[in-house]
Structures are given as C-alpha cells and as structure tokens.
Amino acid sequence: MQAKIISQSNAKINLGLRIINKRTDNFHNIESIFIEIDLFDTLSFTLSNQFKLSCNQKNIPTDGKNTIYKIYSQLNKKYSFKSQYEIHLIKKIPIGSGLGGGSSNAACVLNTLNKIENLNLNKSELLNFAKSIGSDVPFFIDGKVQFVKGRGEILNEIN
C-alpha cells in the first residue's frame, strides 16, 4: 500500500420518499430514489501501528458512536488486518442533513479496506456488512442512482 490512500465519500439526495409503514424493529419500510451527488467528505488512510480515527470537526465523535469506527472494528475483528490505519475524515457533508454522510463514510471505509486489505469480499458480503451499520449504508456500496425499498437495503440500480 502507498503511504496514504485518499477516498471520496459522496452524499446522496432522496428523490421522493414514501413511508410505507412502521416495522416491528422500529424502522420504517420506505420507497425512494437515492441519487449520489458531487458533495463529498474525504477520508485519508495512513498506515499505523494502531487504529485511530480523527476528524477536522470537533463535534464528530471518533469513538464507537461513529459509523467509520463501527465498520473498521467489525472488519478488523473478523479479518485481523495485516496493517492498522489512521483514518482522518475531512467533513463537508452537513451533519444531520439527510444527505447520508455517516452512511457514506461507513461504506467508503468498507470499500477501501476491502481493496487495500485484499479481503476479496463480494457484493453480497459487502452489503451484509453495510446493513449491519445502518439503513443507508448499502446504497453507498455502489451509489449512482437506485430505487430503494425496505429499510433501505433492497436496491435496484436505475439507468
């Protein structure tokens, strides 16, 4: 791996949102079209002797409450990374805006670690990890434009 890897974590918008019903797990079944947009956060991955998460905004948690921290910990526990990484997040997607910044960050870390750690996870495996972190995370595995159903885990790409 290079000394530093830079990854882009794009935001999304919902083109319409239809709430179908409330589920027994307290989530809602939805239908929507998610569109990946050009607004993005930047994540840099630097080789390190231990995992560390930092952010340019002090109000962003860098512990187990953060989606980046959660996905990194899950993957490292399961696959015992050959190396550890310091991940620095440069946050541009507004927090709590509904643009999916935290979900996008988690998917970006998942996709990037899959490559740099040679995990060779297929799409189904990536989506399973993504679902365990949050409802919008699966969308960001591929991004683009997708029709989304269920909690956000049922995806169909739209050309």
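Accessible areas here come from the Shrake-Rupley method with a 1.4 Å probe, and for residues only the protein chains shown count as cover. On that basis the accessible surface of the protein is about 8,500 Å², and carbon and sulfur atoms hold 49% of it. The structure is a predicted model, in which local features need pLDDT of at least 70, side-chain atom pairs count only at pLDDT 80 or more, and totals for chains, interfaces and linings use all residues. Residues are numbered from 1 along each chain as its sequence is written, and side-chain values use heavy atoms, with hydrogens and water left out.

**Overall architecture**

- The protein has 4 helices and 6 strands; helices (H or I, at least four residues) and strands (E, at least two) are DSSP runs, numbered from the N terminus.
- Their order along the sequence is β-β-β-α-β-α-α-α-β-β.
- The radius of gyration, taken over C-alpha atoms, is 15 Å, close to the 15 Å that the globule rule gives for 159 residues, so the protein is as compact as a globular protein of that length. The globule rule is 2.2 Å times the number of residues to the power 0.38.
- The C-alpha trace spans about 45 × 35 × 30 Å along its principal axes.
- Buried residues make up 44% of the 159 in the protein; buried means under 20% relative accessible area, exposed means over 50%, and partly exposed lies in between (1.4 Å probe, protein chains only).
- Among contacts with a separation of 6 or more, 68% are between residues 24 or more positions apart; a contact means heavy atoms within 4.5 Å.
- The protein has 20 positive and 13 negative charges, and their mean positions are 4 Å apart. Lys and Arg count as positive and Asp and Glu as negative, while His and the chain ends are not counted. Each charge is placed at NZ of Lys, CZ of Arg, CG of Asp or CD of Glu.

**Strand pairing**

- Two strands pair if DSSP finds at least two bridges between them.
- Strands β3 (residues 52–55) and β4 (residues 84–90) are parallel and share 4 bridges. L53 has I87 in β4 as its bridge partner.
- Strands β5 (residues 145–150) and β6 (residues 154–157) run antiparallel and are joined by 4 bridges. V148 stands opposite L155 in β6.
- The hairpin of β5 and β6 has 3 residues between the strands, and G152 in this hairpin has a positive phi near 125°.

- Most residues other than glycine have a negative phi.
- N26, which is not a glycine, has a positive phi of about 75°. N26 lies in the loop between β1 and β2 (28–48) and is exposed, with a relative accessible area of 56%.
- S80 is another residue other than glycine with a positive phi, near 45°. S80 is in the loop between α1 (67–79) and β4 and is exposed at 55% relative accessible area.

**Individual residues**

- L121 sits in the loop between α2 (101–116) and α3 and is buried because its relative accessible area is 8%.
- Apart from its neighbours within four places in sequence, L121 contacts L75, Y79, L110, N114, L126 and F129.
- L121 and I37 are 84 residues apart in sequence, and their C-alpha atoms are 26 Å apart in space.
- K123 belongs to helix α3 (residues 123–133) and is partly exposed, with a relative accessible area of 46%.
- K123 and N66 are 57 residues apart in sequence, with a C-alpha to C-alpha distance of 23 Å.
- R18 is part of strand β1 (residues 4–22) and counts as exposed at 51% relative accessibility.
- R18 is in contact with N29, I30 and E31, leaving aside its neighbours within four places in sequence.
- R18 and F81 are 63 residues apart along the chain, and their C-alpha atoms are separated by 40 Å.
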